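Welcome! Here is a friendly briefing to read alongside the structure, grouped by topic.

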Amino acid sequence: MAVTFYDLSSDFGLKKLDEYLLSRSYITGYQASKDDVTVYAALPKVPSDEYVNVSRWYKHIDALLRISGVSGEGSGVTVEGSSLVAETFATPPAADTKAKTEEEKKAAEERAAAVKAAGKKKESGKSSVLLDVKPWDDETDMKKLEEAVRSVQMEGLLWGASKLVPVGYGIKKLQIMLTIVDDLVSVDNLIEEYLTVEPINEHVQSCDIVAFNKIWILLP
């Protein structure tokens, strides 16, 4: 059964996640999985040590992503935004609904419509991507390669953890995570128009998508 968390950018959401992780090492199951990666990517920043269990879990997942990666499938998880606005202001105040003049009645209707619209949710799709970036040969400076990759900045793109993975014959490849907003960033375009063209192709021979996971976040 899928697990749901709410508004992880708020104290309320973090407290609920902290309580959930009190007796658990992972979001679902007994090993790190894509569910952990989904929640990890949904957190807007490193959680404070105030949230002891979240902080412990976050550091563990961060270390796994840097060292060995996460391959477990998980059971499914959803991260949603705050939905309290619509519940709190579902109807306009009584004074407005009993407006005596047409002008007041119209104003009350407009306020009610505005509150109702503010309480509606819209769906914003994000994806967590794991990318293999391969150098030309064993003489390629991998530090400069990673700097070149991370120099690509655009709206909706967030670079994450990375590590060097041996390929053979003394050659290593860069494995790097990124989170994208689907409506703003195309991974294919990112590779074809940014990562494998000048001047970055001086260091980068090719890029391959290793994993691509959808992250659905409901925003208020």
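Two strands pair if DSSP finds at least two bridges between them, and strands (E, at least two residues) and helices (H or I, at least four) are DSSP runs, numbered from the N terminus. In S5, Lys173 is the bridge partner of Val165. This is a predicted model, in which local features need pLDDT of at least 70 and side-chain atom pairs count only at pLDDT 80 or more, while totals for chains, interfaces and linings use all residues. Residues are numbered from 1 along each chain as its sequence is written, and side-chain values use heavy atoms, leaving out hydrogens and water.

**The hairpin**

- Strand S4 (residues 157-168) pairs with strand S5 (residues 171-181) in the antiparallel sense over 9 bridges.
- S4 and S5 form a hairpin with 2 residues between them.
- Tyr169, in the loop between S4 and S5, counts as exposed at 83% relative accessibility (exposed means over 50% relative accessible area, buried under 20% and partly exposed in between, with a 1.4 Å probe and protein chains only).

**Two buried residues**

- Ser127 sits in strand S3 (residues 122-135) and is buried, with a relative accessible area of 0%.
- The side chains of Ser127 and Asp182 are joined by a polar contact of 2.7 Å (a pair of N or O atoms within 3.5 Å; within protein, one must be able to donate a hydrogen and the other to accept it, and residues adjacent in sequence count only if both atoms are side-chain atoms).
- Thr179 belongs to strand S5 and counts as buried at 15% relative accessibility.
- Beyond neighbours within four places in sequence, Thr179 is in contact (heavy atoms within 4.5 Å) with residues including Ser127, Ala41 and Leu158.

**Helix packing**

- Helix H1 (residues 11-20) and helix H3 (residues 52-67) pack at an angle of about 75°, with their axes 7 Å apart; axes are lines fitted to C-alpha atoms, for helices over the stretch in contact, and angles run from 0 to 180 degrees between N-to-C directions.
- The contact is made by Leu14, Leu17 and Asp18 of H1 and by Val52, Asn53 and Val54 of H3.

**Backbone features to look for**

- Most residues other than glycine have a negative phi, and most peptide bonds are trans.
- Tyr169 is not a glycine, yet has a positive phi of about 55°.
- Asp7, in the loop between strand S1 (3-6) and H1, is not a glycine either and has a positive phi of about 45°.
- Glu198 and Pro199 are joined by a cis peptide bond, with omega about 0°.
- Pro199 lies in the loop between helix H8 (187-195) and strand S6 (204-219).
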